[in-house]
Amino acid sequence: MLNFHEVLRYISVMTQQEFTYKATETRAKAVSIAEQFGYSQDDAEDIAQDVMLKLWNLHERLNDAAHLKASAVITTKRVCIDRWRTAHQYAEIAVTMPLIDEDSLHDRLEYTELEHWIAEQIDRLPSTAGMVLRMRQLEHRELGEIADILGIQQASVSTLLSRARNELLNKLKKRNQQ
């Protein structure tokens, strides 16, 4: 038997039809917010698409149009920030990685040395962090799969992966400054 709060939750859950009806308005709001963050129209559309997918996965938890709109605003801002961080992280890596001329024997030798150095640095990471980095970067495993293999939470996998990447990036920066 359902109690009063369960009945109230069941009644107030946003249905698929309601979500679809409000989706156009919500998508336009997401595009607008992404553009305010400085993204181009195409990038803003991509961000809005990501937001709508995330919101669709939550549509059964959304109570009404106001809840949908608030969730869209928050989700859009988070997606914009995540994309900005990712772009800047890759820019840092690009600055620290030397450009090579594949025809040059010297550059190929230097690149091979760099690969060995990176492998050595990964081996020096704490065992769990090193395993997580290898599984994610070399074996291309999903975070959930890594969490299942190691028997830890997915959030812990993300934390370990981030720390390992940052440590490796800092070591690479120091190496390239010498």
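In the predicted model, the lining of the second largest pocket comprises 5 charged, 2 nonpolar and 1 polar residues. The residues concerned are Asp-50, Lys-54, Ile-74, Thr-75, Arg-78, Val-79, Asp-82 and Arg-83. Two elements each supply two or more residues to this lining, namely helix H3 (41-58) and helix H4 (65-96). The greatest contribution is that of H4, with 6 residues. The space in the second largest pocket amounts to about 250 Å³.

The crossing of H6 with H7 is right-handed. On the H6 side, the contact is made by Thr-128, Met-131, Val-132, Met-135 and Arg-136, and on the H7 side by Leu-143, Ile-146, Ile-149 and Leu-150. The contact of H6 with H7 has 7 nonpolar residues, together with 1 polar and 1 charged residue.

Helix H7 also packs against H8, their axes coming within 8 Å and crossing at roughly 105 degrees. This angle makes H7 roughly perpendicular to H8. From H7, Leu-143, Gly-144, Ile-146 and Ala-147 take part in the contact, and from H8, Gln-154, Val-157, Ser-158 and Leu-161. The contact of H7 with H8 is made up of 5 nonpolar and 3 polar residues, with no charged residues.

Leu-143 lies in helix H7. Residues of H6 that contact H7 include Arg-136, and Arg-136 is also among the residues touched by Leu-143 when those up to four places away in sequence are not counted. The C-alpha atoms of Leu-143 and Ser-158 are 7.1 Å apart in space, and the two residues are 15 residues apart in sequence.

Helix H8 (residues 154-177) also meets helix H5 (residues 105-124), with axes that come within 11 Å and cross at roughly 135 degrees. H5 and H8 are therefore oblique to each other, and the crossing of H5 and H8 is right-handed. In H5, the residues in contact are Glu-113, Leu-114, Trp-117, Ile-118, Gln-121, Ile-122 and Arg-124; in H8, the partners are Leu-168, Lys-171, Leu-172 and Arg-175. The contact of H5 with H8 divides into 6 nonpolar, 4 charged and 1 polar residues. Among the charged residues of this contact are Glu-113 and Arg-124 in H5 and Lys-171 and Arg-175 in H8.

Technical notes:
Residues are numbered from 1 along each chain as its sequence is written. This is a predicted model: local features need pLDDT of at least 70, side-chain atom pairs count only at pLDDT 80 or more; totals for chains, interfaces and linings use all residues. Side-chain values use heavy atoms; hydrogens and water are left out. On a 1 Å grid over the protein atoms alone, a cavity is a set of points where a 1.4 Å probe fits but cannot get out, and a pocket is an open set with protein on both sides within 12 Å along at least five of seven lines; lining residues have an atom within 4 Å of a point. Grid points are joined across faces, edges and corners, and a volume is the space filled by probe spheres set on the points. Helices (H or I, at least four residues) and strands (E, at least two) are DSSP runs, numbered from the N terminus. Axes are lines fitted to C-alpha atoms, for helices over the stretch in contact, and angles run from 0 to 180 degrees between N-to-C directions. Angles under 35 degrees count as roughly parallel, over 145 as roughly antiparallel, 65 to 115 as roughly perpendicular and the rest as oblique. A crossing is left-handed if the near helix is turned anticlockwise from the far one by less than a right angle, and right-handed if clockwise. Contact means heavy atoms within 4.5 Å.
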